[in-house]
Amino acid sequence: MRMTTYHTIEDIIGSTPLVRLQRLPGEAGAARGNVILAKLEGNNPAGSVKDRPAFAMIREAEARGEIQPGDTLIEATSGNTGIALAMAAAVRGYKMILIMPDNLSVERRASMTAYGAQLILTPADQGGMEYARDLAARMQAEGKGKVLDQFGNSDNPLAHLQGTGPEIWEQTNGRVTHFVSAMGTTGTIMGVSQYLKSRNPAIQVVGAQPAEGSQIPGIRKWPEEYLPRIYDPQRVDAFESISQSEAEEMARRLAAEEGIFGGISSAGALVAALRVAQRVENATIVFIVCDRGDRYLSTGVFN
Ligand SMILES: Cc1ncc(COP(=O)(O)O)c(C=O)c1O
């Protein structure tokens, strides 16, 4: 009899759908020969693009002999990475301590504890993510566990160099001309850019950042001294500044007009993609929907 093998939850990370927008592009779409495609990373098992780097960082550290099941891992995270790491730690048998500012949505915190992680909430008014990252480093120095450091860990962009990038290339049959992503750790844009430009150096890579004074969960315009170590400015061709209200309005429209229920930073990437579409012709523009809208219900943004 033939052996039947079944997938584990880890095996089904990635290979996410790529879908064409039908209404939102309007004049910037078919009339100009442009196609706008959404890469649905919310379809990953723990609900975001972060499943990819979370598993890659644990798998690669394990392969190098730096950690082994039973160890304690520590990470400062703005949310999605925490949920993904909590799941990955549960699957692979690690204890997970997550440090996050106390102003992040309740759904995120509850999802992390559901996967068995321990949470440390830091005062948001004392420096937000920077404070959380400093505390994680202090705890590692005190021997309380190993910090994976998604901001400086090359296994974060590696997940996108080996997964997200090749998927986009194959799903568009090499037709992709523009790639747009919101920037947090910059892991997504670094890894995808590296892969796509290796196949076609003419592909334009556009980063979406929150405008001055705007709060968009998961992404930042980093002050110079906190720029992620994995960030290489040569891999991004252009930036678009997105205001919070533009991103929130677009998140509502993406759900109501396209049936795609994505998060706020995903909608920010779409705002950037639509600006690109207004400037170009005959382009195939791919943007990342990093997570699902359910994760933001308690913020009232969809009311
Ligand atoms: C909601 C959300 N959007 C965008 C990003 C940015 O992804 P990256 O860290 O790969 O730049 C993140 C990262 O945590 C996120 O949580």
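I count Ala, Val, Leu, Ile, Met, Phe, Trp, Tyr, Cys and Pro as nonpolar, Asp, Glu, Lys and Arg as charged, and the others, Gly among them, as polar. With these classes, the shell around the ligand has six nonpolar, 12 polar and two charged residues.

**Ground rules.** The model is predicted; local features need pLDDT of at least 70, side-chain atom pairs count only at pLDDT 80 or more, and totals for chains, interfaces and linings use all residues. Residues are numbered from 1 along each chain as its sequence is written.

Entry: A residue is near a molecule or strand if its C-beta atom, placed from the backbone, lies within 6 Å of it. I found 20 residues around the ligand, and Gly184, Thr185, Thr188, Gly218 and Ser265 are the closest. Two or more shell residues come from each of α2 (80–92) and α6 (187–199). The largest share, three residues, is from α6. I take helices (H or I, at least four residues) and strands (E, at least two) as DSSP runs, numbered from the N terminus.

**Entry: the domains.** Domain 1 covers 10–48 + 162–299, and domain 2 covers 51–147. These bounds come from an automatic or database domain assignment. The centres of the two domains, taken over C-alpha atoms, are 25 Å apart. I then looked up the contacts, which need C-beta atoms, placed from the backbone, within 7 Å. In domain 1, 22 residues are in contact with 16 residues of domain 2. The domain 1 side of this contact has eight nonpolar, 11 polar and three charged residues.

**Entry: the sheet with β3.** Two strands pair if DSSP finds at least two bridges between them. I followed an open sheet of four strands in the order β5-β4-β3-β6, with parallel pairing. β5 and β6 stand at the edges with a single partner strand each, so one side of each has no neighbour in the sheet. β3 (residues 72–76) pairs with β4 over five bridges. Threonine 72 stands opposite lysine 95 in β4. β3 is joined to β6 (residues 146–147) by two bridges. There, isoleucine 74 has valine 147 as its bridge partner. β4 and β5 pair over five bridges too. In that pair, isoleucine 97 stands opposite glutamine 118 in β5.

I next looked up burial. A residue is buried if 20 or more other C-beta atoms lie within 10 Å of its own, exposed if 12 or fewer, and partly exposed in between, with C-beta atoms placed from the backbone. Four of the five residues of β3 are buried.

**Entry: helix α3.** In α3 (residues 106–114), the buried residues are Arg108, Ser111 and Met112. They fall within an arc of 100° seen down the helix axis, so they line one face of α3. The arc is that of the directions from the helix axis to the C-beta atoms. An α-helix has 3.6 residues a turn, so residues three or four places apart point the same way. Val106, Ala110, Thr113 and Ala114 are exposed on the other side of α3. The cover over the buried residues includes α2, β4 (95–101) and β5 (118–122). Glycine 116 follows α3, with a positive phi near 95°.

**Entry: cysteine 290.** Is cysteine 290 buried or exposed? It is buried, with 29 other C-beta atoms within 10 Å. Cysteine 290 sits in the segment after β10 (284–289). Lysine 39 is 251 residues away in sequence, yet its C-alpha is 8.0 Å from that of cysteine 290. Beyond neighbours within four places in sequence, the contacts of cysteine 290 include Glu41, Asn80, Gly218 and Ser265.

**Entry: two positive phi values.** Most residues other than glycine have a negative phi. Threonine 186 has a positive phi of about 75°. This threonine 186 lies in the loop between β7 (178–182) and α6. Threonine 186 is buried, with 28 other C-beta atoms within 10 Å. Asparagine 282 also has a positive phi, near 50°. Asparagine 282 lies in the loop between α8 (264–279) and β10. Asparagine 282 counts as exposed, with 10 C-beta neighbours inside 10 Å.

Note on methods:
Contact = placed C-beta atoms within 7 Å.
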